[in-house]
Protein chains: 2
Amino acid sequence: MTRYAAIEAGGTKFRVAVTEDREIVADITIPTTTPDETLGASVDFIVSHGPATAAGIACFGPLDLHPDSPTYGSITATPKPDWSQTPVLARVRDELGVPAAIDVDVGGAALGEWKWGAARGLSDFIYLTIGTGIGGGLFIDGKVHHGLGHPEMGHVTLERVPGDEYPGHCPFHDACFEGMAAGPAIEERWGAPGKDLVMRDEVWDLEATYIAQALRSFTYVAAPQRFVIGGGVMQVPGLIERVRLELTKQLAGYATSRIRSGSLDDYVVYPELGQDAGLYGAIALAMEAAANR
Amino acid sequence: MTRYAAIEAGGTKFRVAVTEDREIVADITIPTTTPDETLGASVDFIVSHGPATAAGIACFGPLDLHPDSPTYGSITATPKPDWSQTPVLARVRDELGVPAAIDVDVGGAALGEWKWGAARGLSDFIYLTIGTGIGGGLFIDGKVHHGLGHPEMGHVTLERVPGDEYPGHCPFHDACFEGMAAGPAIEERWGAPGKDLVMRDEVWDLEATYIAQALRSFTYVAAPQRFVIGGGVMQVPGLIERVRLELTKQLAGYATSRIRSGSLDDYVVYPELGQDAGLYGAIALAMEAAANR
């Protein structure tokens, strides 16, 4: 049995856990204030439970994840006060004195789902979270594909549905996925938050149409073996079924052979780890750090 | 010096070459008629030049490229008469009696550009060809990412430009990349083939807008290190420059850090091997077959 430290570092709160293998034996939630306070309290909590073998961090971004960079594992420029240029990985590693690994939050969640959740046994899949924003990553051969930087899947091009006059919520793009389909777009377009609209079919038909447009593009770019989709918006009853139907319609039979026929029940699924995917991802990152040291 | 056989198997013609290392020492072009005739003539040509060490094939699709499949390397269902279920890889390998490797045509071209062309030294990039159709592939760590099947990048979602009433050329999708921006769409929309429209700015501004919409989505999904874009449509003078400008505008400063600043001259480029990328890709596949036997 090995003891690990796991940190899910979010923009509003940190979840910190000490585990024995993947079993959480102690955990705490700490508000995200300044790096000194929040990282300090995280390290103190871990240290108070005795020595860990390694640490893993699933962290809000943007992060520097270029392997050759001298600031690898640091937050880069963020609008969040005090956090720009914070060397999160280096601080945790040095203050705990153990090997540590870091990835962006969606990367950690994807890793968690791959090791212990809805993507077990797959060589590639796409993880998405649709909530206040839309994040996601293309997971290939055991890690999120970073390419030149972070995937920003929430900003792919969508096609406005005729009659939808809503201008979009994204300051950068006309009709992008996040701008048309994330929580704030739903609330602005319909004048009420999604949770107050659950009985209105037209809201979720439109939402499913936009989500399916994005999944169609992702399918044609990467042909993932599965989509694992979480986040607050996806909690609306019936939405995932609408998305499957709409995606079937939009693919129009023109897709890779293995999804051309049959239902998409196994192609578009919920995360299995739910709200804990990020924390389990951090545990998985800690295990990787231990293995690679 | 090693002798290889390379076949670029296209839907209208085959190019067959015998090489010494990567130098072509003999080549022939054979019309694509039936598998017996065309594959037979290809093999005869190769054999007439003496024994080769291995063969590589960059082939029109759809191909079965699932590693565990008993029909790996066969053409699957194609509208092209006589060619459905043709075991291209098995026939070439067995008739020549040498190790052989196969990939789809864009996969071969991408491999060629990666080994000897515009993508040398990159860990990942996207290869695209924009002509009668639009094909492409996400190239990662030495090979095209296949996922569940072929990438079908030509069918990603685009957003119709206001005022563009052209319904689109794709029988499957409203406003997809190929349906809005491939050669036939240009000709139908404007009533003349692209080569007769080179002086009309509005044609190429619109074309660049649609190409940039697709590149924007690809950037946000995969953050490739570079786009290498060939095909007949891209031969129009000035089009690539328009695409770079329009993509800069559409990314709107919201992109991965390494492309956020500066021009995109190095991010969106032409192939260096031009019309020979597929044939060089087949040579590269032959070298892989020799190395892996």
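A: Start with B:Arg120. Its place is in the loop between H3 and strand S6 (124-130) of chain B. Helices (H or I, at least four residues) and strands (E, at least two) are DSSP runs, numbered from the N terminus. This is a predicted model: local features need pLDDT of at least 70, side-chain atom pairs count only at pLDDT 80 or more, and totals for chains, interfaces and linings use all residues. Residues are numbered from 1 along each chain as its sequence is written, chains are lettered from A and ligands numbered from 1 in the order in which they are written, and side-chain values use heavy atoms, with hydrogens and water left out.

B:Arg120 has 46% relative accessibility and counts as partly exposed. Buried means under 20% relative accessible area, exposed over 50%, and partly exposed in between (1.4 Å probe, protein chains only). Leaving aside residues up to four places away in sequence, B:Arg120 touches B:Glu113, B:Trp114, B:Lys115 and B:Glu272. Contact here means heavy atoms within 4.5 Å. B:Gln225 is 105 residues away along the chain, yet its C-alpha atom is separated from that of B:Arg120 by 11 Å.

Now follow B:Trp114, one of the residues that B:Arg120 touches. The structure holds 16 aromatic pairs over all chains. The ring centres of B:Trp114 and B:Phe139 are 5.2 Å apart and the planes stand at 45 degrees, so this pair is tilted. It links distant parts of the chain: B:Trp114 sits in helix H3 (residues 105-116) of chain B and B:Phe139 in strand S7 (residues 134-140) of chain B, 25 residues apart. Rings of Phe, Tyr and Trp (its six-membered ring) pair if their centres lie within 6.5 Å; planes under 30 degrees apart count as stacked, over 60 as edge-to-face and the rest as tilted. B:Trp114 is partly exposed, at 26% relative accessible area. B:Phe139 is buried, at 1%.

A second pair in chain B is edge-to-face: B:Phe227 and B:Tyr267, 5.3 Å centre to centre, with 80 degrees between the planes. B:Phe227 lies in strand S9 (residues 227-230) of chain B, and B:Tyr267 in the loop between helix H8 (257-260) and strand S10 (268-269) of chain B, so the pair ties together parts 40 residues apart in sequence. B:Phe227 is buried, with a relative accessible area of 0%. B:Tyr267 is buried as well, at 3%. In chain A, A:Phe177, A:Phe218, A:Phe227 and A:Tyr267 form one aromatic cluster.

B:Ala223 lies in the loop between helix H6 (201-222) and S9 of chain B. Its phi is near 40 degrees, a positive value in a residue other than glycine. B:Ala223 counts as buried, at 1% relative accessibility. In chain A, A:Asp141 has a positive phi near 50 degrees. This residue is found in the loop between strand S7 (134-140) and strand S8 (143-144) of chain A. A:Asp141 is exposed, with a relative accessible area of 55%. Most residues other than glycine have a negative phi, and most peptide bonds are trans.

There are cis bonds too. A cis peptide bond joins B:Gly61 and B:Pro62, with omega about 0 degrees. B:Pro62 lies in the loop between strand S4 (54-59) and H2 of chain B. In chain A, the peptide bond from A:Gly61 to A:Pro62 is cis, with omega near 5 degrees.
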